[in-house]
Amino acid sequence: MRAVITVVGKDMVGILAKVSAICAENNVNIIEVTQSIMQDMFCMIMMADTSKCTVGFGELSEQLEEFGKNNNLVIHAMHEDLFNSMHRI
């Protein structure tokens, strides 16, 4: 199972490292990352393999969202199947 994780917020040092650390703590493998800085806004999309995740997907999503709230970031984790269903014509 894969997930799409998005992160948006004011740029600061360590965002990628901290989001990656949450993934690593839960045995989530980051497959691909794209990020950019638009003026002072940090924007990142990650594709992650959650097949060996040590917590349920809902718990992982909550951990990421909580980190986001505490750091003025908007973080969403979406199961790949849901993402694909939303973008089918």
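Buried means under 20% relative accessible area, exposed over 50%, and partly exposed in between, with a 1.4 Å probe and protein chains only. The model is predicted: local features need pLDDT of at least 70, side-chain atom pairs count only at pLDDT 80 or more, and totals for chains, interfaces and linings use all residues. Residues are numbered from 1 along each chain as its sequence is written, and side-chain values use heavy atoms, leaving out hydrogens and water.

**View 1. Thr-50 in its loop.** Thr-50 lies in the loop between β3 and α2. Helices (H or I, at least four residues) and strands (E, at least two) are DSSP runs, numbered from the N terminus. Thr-50 has 7% relative accessibility and therefore counts as buried. Leaving aside residues up to four places away in sequence, Thr-50 touches Met-1, Arg-2, Ala-3, Val-28 and Leu-60. Contact means heavy atoms within 4.5 Å.

**View 2. The open sheet.** Four strands form an open sheet, ordered β2-β3-β1-β4, with antiparallel pairing. Two strands pair if DSSP finds at least two bridges between them. β2 (29–38) and β4 are the edge strands, each pairing on one side only. From one strand to the next, the twist averages 10 degrees. Angles run from 0 to 180 degrees between N-to-C directions, and axes are lines fitted to C-alpha atoms, for helices over the stretch in contact.

**View 3. Strand β1 and its partners.** Nine bridges join β1 (residues 2–10) to the antiparallel β3 (residues 41–49). Ala-3 stands opposite Ala-48 in β3, and Val-4 opposite Met-47. Seven bridges join β1 to β4 (residues 73–79), also running antiparallel. Val-7 has Ile-75 of β4 as its bridge partner.

**View 4. The α1/α2 crossing.** The axes of α1 (residues 15–25) and α2 (residues 57–70) come within 10 Å and cross at roughly 155 degrees. The two helices are therefore roughly antiparallel to each other; the cut-offs are under 35 degrees for roughly parallel, over 145 for roughly antiparallel, 65 to 115 for roughly perpendicular, and oblique for the rest. Lys-18, Val-19 and Ile-22 of α1 meet Leu-60, Gln-63, Leu-64 and Phe-67 of α2.

**View 5. Glu-59 in α2.** Glu-59 belongs to helix α2. Its relative accessibility is 36%, so Glu-59 counts as partly exposed. The C-alpha atoms of Glu-59 and Asn-26 are separated by 9.8 Å, while the two residues are 33 residues apart along the chain.
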